[in-house]
Amino acid sequence: MPATAERLCHFTESVIREMTRVANQYDAINLSQGFPDADPPPSVIEAAVKAMQQGPHQYAVTWGAPNFRQALIEKQQQWMGLDLNGDEHVVVTCGSTEAMIVALMTICDPGDKVIIFSPFYENYGADTILCGAEPIYVPLEPPNFNFDPSVLREAFKQKPKALVLCNPSNPSGKVFTLEELTLIADLAKEFDTFVITDEVYEHIVYSPHRHYYMASLPEMFERTISCSSLSKTYNMTGWRLGYIIASPEIIAGARKVHDFLTVGAAAPLQEAATVALNLPRSYYDEVQQDYTRKRDLFLGYLDKAGLRYTRPQGAYYVMVDCSDFDVTDDITFCRWMAKEIGVAAVPGSSFFHEPVNHLIRLHFARDEDILHAAGERLQRL
Ligand SMILES: Cc1ncc(COP(=O)(O)O)c(C=O)c1O
């Protein structure tokens, strides 16, 4: 038999999904794979039922149904402070997952370099390799997950085509400050580099931290490819609705790539999701409050158990330091924890390029009774 592609040798199956299998095997509370217990708002589900009954059921316009794009830009204009046009500035994709790989394929040729902050959401490494590009990793040093500006400058000197920015960040919970974003933007302009953002947690930010959009910084719209999705904001990770917002030149290329990869996102779900995009501002306040409550509840249990962790500024993950348990192999530790403590986490090493083996990632987008149960179990650590 002929061999499968050589590029597959450079990345492994997702450790996160493997941990979900381990959680199921030991009947552990699954705090590994990061999706919420909550459902989408009832009005959105009603709209989905109606769309199923009345259509549309056939392909939408490949780059997104016009009413979805319109609702999207009306919402994003308010949050991003940009003047956007649904005909020129948007491609609707199957989640931010597709948006990210489309963004990379739109701008990268084989051999191009791409800066990725480490720890990173595991898709970025694989996406880069699938494009034939080469990652340059820049460390975000635990426990504060700050980067060294001189290391970043050295990475830019290698003339990368793009920098990938996950903000708010999975797994670290970091929210980049305006000063950090400005520093990155200045380097991107100086070295003529694109910035690809993944902003799926844009509405999950804990006060006093604040999310700034890279695309909204002075002179950055032209070189920023903003990727995000409805998955986390409206509890619809299974609907697979995401998007790219960028300049008309980039969008023209991205539409071509997207068309040949997936044709389009689900037409009836785009129809229903316009209801989500039209929700009032108070909805987003509630999302913030709800996640702030969950975060504080869960961190309370970590404090009670005497665990050391980095306080998340955004997203719904917390990185816990396990060095007090003499952990040198976080994968074995996570398997042991699922079996003996009954809580499944993700080994931190799966997010780092560097050899970091003392951190685990837990997510708290679970119902409060489950967070209480997991918190109680963690006391046994
Ligand atoms: C940083 C980040 N980007 C993208 C995704 C996937 O998003 P989507 O469901 O929009 O594909 C996730 C999911 O956990 C994520 O954490």
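**Strand pairing and domains**

A: Strand β3 (residues 113-118) pairs with β4 in the parallel sense, over 6 bridges. Within that pair, Ile115 stands opposite Ile136 in β4. Keep in mind that this is a predicted model.

Q: OK, and in what order do the strands of that sheet run?

A: The order is β2-β8-β7-β6-β5-β3-β4, which makes 7 strands in an open sheet with mixed pairing. β2 (90-93) and β4 (134-139) are the edge strands, each pairing on one side only. From one strand to the next, the twist averages 20 degrees.

Q: Which strands does helix α3 touch on the sheet?

A: Helix α3 (residues 66-80) packs on the sheet and touches β2 and β8 (242-245). The direction of α3 makes about 115 degrees with that of β2.

Q: And α8, what does that helix touch?

A: Helix α8 (residues 248-262) also packs on the sheet, where it touches β2, β7 (224-229) and β8. The direction of α8 makes about 25 degrees with that of β2.

Q: How far is Trp79 from Gly253?

A: Their C-alpha atoms are separated by 25 Å. Along the chain, Trp79 and Gly253 are 174 residues apart.

Q: What joins β6 to β5?

A: 5 bridges join strand β5 (residues 162-166) to β6, and the two run parallel. Ala162 has Phe194 in β6 as its bridge partner.

Q: And on the β7 side, how many bridges?

A: β6 and β7 are joined by 4 bridges and run parallel.

Q: How many residues of β7 are buried?

A: 6 of its 6 residues are buried, so β7 is mostly covered. Thr224, Ser226 and Ser228 point one way from the strand, while Ile225, Cys227 and Ser229 point the other way.

Q: Parallel or antiparallel for β7 with β8?

A: β7 and β8 pair in the antiparallel sense, over 4 bridges. The bridge partner of Ser229 in β8 is Gly242.

Q: Switching to the ligand. Which residues come nearest?

A: Gly95, Ser96, Thr97, Ser229 and Ser231 come nearest, out of 13 residues around the ligand. Helix α4 (residues 95-107) gives the largest share of that shell, 3 residues.

Q: What is the shell made of, by class?

A: The shell around the ligand has 9 polar, 3 nonpolar and 1 charged residues.

Q: Now the domains. Where are the bounds?

A: According to the domain assignment, domain 1 covers 6-40 + 282-378 and domain 2 covers 55-279. Taken over C-alpha atoms, the centres of the two domains are separated by 24 Å.

Q: How many residues are in contact between them?

A: 37 residues of domain 1 are in contact with 35 residues of domain 2. On the domain 1 side, the elements that give two or more residues are α10 (281-304), β10 (317-321) and β13 (359-363). The largest share of that side comes from α10, with 7 residues.

Q: And by class, for the domain 1 side?

A: The side of domain 1 that touches domain 2 has 20 nonpolar, 11 polar and 6 charged residues.

Q: You mentioned β10 and β13. What sheet has those strands in its order?

A: They belong to an open sheet of 4 strands with the order β9-β10-β13-β12 and antiparallel pairing. The edge strands are β9 (308-310) and β12 (346-347), and each pairs on one side only.

Q: How many bridges between β12 and β13?

A: 2 bridges join β12 to β13, which run antiparallel. Val346 stands opposite Arg361 in β13.

Note on methods:
Residues numbered from 1 in each chain as written. Predicted model: local features only at pLDDT ≥ 70, side-chain atom pairs only at ≥ 80, totals over all residues. Domains from an automatic or database assignment. Contact = placed C-beta atoms within 7 Å. Nonpolar A, V, L, I, M, F, W, Y, C, P; charged D, E, K, R; others polar. Near = placed C-beta within 6 Å. Pairing = 2+ DSSP bridges. Axes fitted to C-alpha atoms, helices over the stretch in contact; angles between N-to-C directions. Buried ≥ 20, exposed ≤ 12 C-beta atoms within 10 Å, placed from the backbone.
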